[in-house]
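Please read the points beside the sequence and the three-dimensional view.

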Amino acid sequence: MRLALSALAVFAVLLGAWWALSASLGLPAYILPSPLQTAAAFAARPAFILENAAVTALEMALGFACGAILGILCALAMAAALPVRMVLRPVLVASQAIPVFALAPIFVVWMGYGMAPKIAIATLVIFFPVAAAFADGLRRTPPALAEAARVMAGTGLAARWRVLRHVTVPAALPALGTGLRVGAGVAAIAAVIGEWAGSSAGLGYVMLWANGRSQIALMFAALITLFALAIAFAALIDVLTRRMTPWIAETP
Amino acid sequence: MAASPAATRIDISGLGLSYDGTALFDGFDLTVEPGELLCLLGPSGAGKSTLLRAVAGLARTERGGVRFDGGCGVALMTQDDALLPWAKAIDNVVLGARLRGDRPDVQRAAALLRAAGVDAAAGRPATLSGGMRKRVALARLLYEDRPVALLDEPFSALDAITRRSVQALTRRLLAGRTAMLVTHDPFEALAMADRIVVLAGSPVRIALDAAPPRSGALRDPADPALRPLYLAVLAALEDAA
């Protein structure tokens, strides 16, 4: 609650600064629209902006779900078997070495102008922090816990699976939560990169469309909507992931 | 509660084990008699914990080994109580059953928690005091129902009063089992042990092997009758260091 209030205060200060800047510089609306002009642009076509926001939100959600599931499976596979780890570790690093900006147009060529390439890009971007954080967590079970589990479980493949399920995975959930929160934070960026590479819907498309027509206030309205969407999405994932690890005491 | 399992003799013979390239154990022998509570003392790094880990099957032995006469199977309790931070007390006690794919016996776990002085409905470890966590760990050790109990400095982080009560409880509940308890506190050994072994390195040898007078209950370590043994343990520890 206190966090929400302080976030609101920061938002208000930023809004005030924007207002002051646009008023004092006296720039035309096609360079820097004021908050009021931006609000007017939003009010002029709310359905247009919100429909496209829904598209972006869906891309974010689906990309996040795919990226998270893929990342979790990848980390689990790496934890389960050393050979898998040897193969997947370089793949994991390589997946991040390739700039997504460069891949986006290729994805559009392959998958068309619809949602598929956006979801693919978001998946690629979100997969890495989730896989890396969860894999780290799976490798860092407190030694005392790991040894106690080994003594209790005995040997064999089935025993190793049960240790993974009852000890290793729960112990890695805080790390997974961190990875998911980082992934949620970049979901909006990934979706918009996809939209910029080629699209006919979404907030990124609205921004390009408005830019092409010098409707900068509309572009700002789309940007602010995207901002709100990104924050709401990150906050939602934040709440959900913290609920996943209720035993973690956090310092206020 | 189930009856105590048949007592087991632990036979460590010709144990060879290296740590970081140096031979820590080189032909080490030690026998722990059935039902005996053996306290292992020794300076830091003397190999007490390593010996316990070797008996638990956690340390890779190079030569010789550990034999159990009369049923094998060990249960381990460590200084870091190794409770699952996300699980309630009862779920921590039945963890072993889950890890073996057995059906958890919640009734028995609750009875063991009560015997250890813990509310069977107690919550996660973070909501419990250090003493209570030790009691939960002890209940888990007993739930495992193994003939051999291994305890690695289990009470070193507790205050004097709590420690004394958990020592008494441990001694009572472990009766009939063969147990090895690592401690750095001579008084703990004097109070609890059937037999005291002081280790010195390296390679590890037995610097002292002595038995305090037999006693069913926890001894008073300040008892004048124990003073000669206390001095002998202290001298062995000083020699070993």
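**Notes on chains A and B**

1. Ser214(A) is placed in the loop that lies between α9 (203-212) and α10 (216-244) of chain A. Helices (H or I, at least four residues) and strands (E, at least two) are DSSP runs, numbered from the N terminus. Ser214(A) is not a glycine, although its phi is positive, about 55°. Ser214(A) is exposed, with 11 other C-beta atoms within 10 Å. On this scale a residue is buried if 20 or more other C-beta atoms lie within 10 Å of its own, exposed if 12 or fewer, and partly exposed in between, with C-beta atoms placed from the backbone.

2. The model is predicted: local features need pLDDT of at least 70, side-chain atom pairs count only at pLDDT 80 or more, and totals for chains, interfaces and linings use all residues. Residues are numbered from 1 along each chain as its sequence is written, while chains are lettered from A and ligands numbered from 1 in the order in which they are written.

3. Chain A contains 10 helices and 0 strands. The C-alpha trace of chain A spans about 75 × 45 × 30 Å along its principal axes. Of the 252 residues in chain A, 38% are buried. Among contacts in chain A with a separation of 6 or more, 78% come from residues 24 or more positions apart. Two residues are in contact if their C-beta atoms, placed from the backbone, lie within 7 Å.

4. Helix α3 (residues 46-80) and helix α4 (residues 82-97) of chain A pack at an angle of about 145°, and their axes are 7 Å apart. Axes are lines fitted to C-alpha atoms, for helices over the stretch in contact, and angles run from 0 to 180 degrees between N-to-C directions. α3(A) passes α4(A) in a left-handed crossing; a crossing is left-handed if the near helix is turned anticlockwise from the far one by less than a right angle, and right-handed if clockwise. Cys74(A), Ala77(A), Met78(A) and Ala80(A) of α3(A) make the contact with Val84(A), Arg85(A), Leu88(A) and Leu92(A) of α4(A). The residues of this contact divide into 7 nonpolar, no polar and 1 charged. In this division Ala, Val, Leu, Ile, Met, Phe, Trp, Tyr, Cys and Pro count as nonpolar, Asp, Glu, Lys and Arg as charged, and the others, Gly among them, as polar.

5. Helix α7 (residues 143-153) and helix α8 (residues 157-197) of chain A pack at about 155°, with axes 10 Å apart. α7(A) and α8(A) are therefore roughly antiparallel to each other; angles under 35 degrees count as roughly parallel, over 145 as roughly antiparallel, 65 to 115 as roughly perpendicular and the rest as oblique. The crossing of α7(A) past α8(A) is right-handed. From α7(A), Leu145(A), Ala149(A), Arg150(A) and Ala153(A) meet Ala159(A), Arg162(A), Val163(A), Val167(A) and Ala171(A) of α8(A). The residues of this contact comprise 7 nonpolar, no polar and 2 charged.

6. Which elements cover the buried residues of α7(A)? They include α8 of chain A together with α1 (48-56), β5 and α3 of chain B. The buried residues of α7(A) are Leu145(A), Ala148(A), Ala149(A), Val151(A), Met152(A) and Ala153(A). After α7(A) comes Gly154(A), with a positive phi near 80°.

7. Between the chains, 19 residues of chain B are in contact with 19 residues of chain A. On the side of chain B that touches chain A, β5 (74-77) and α3 (95-99) of chain B each supply at least two residues. α3(B) gives the most to that side, with 4 residues. The residues on that side of chain B divide into 11 nonpolar, 3 polar and 5 charged.

8. Chain B is divided into domain 1 (1-73 + 151-241) and domain 2 (83-145), with bounds that come from an automatic or database domain assignment. The C-alpha centres of these two domains of chain B lie 24 Å apart. In chain B, 12 residues of domain 1 are in contact with 13 residues of domain 2. The side of domain 1 that touches domain 2 has 10 nonpolar, 2 polar and no charged residues.

9. Asp145(B) lies in the loop between α5 (130-143) and β6 (148-152) of chain B. Although Asp145(B) is not a glycine, its phi is positive, about 55°. Asp145(B) counts as partly exposed, with 18 C-beta neighbours inside 10 Å.
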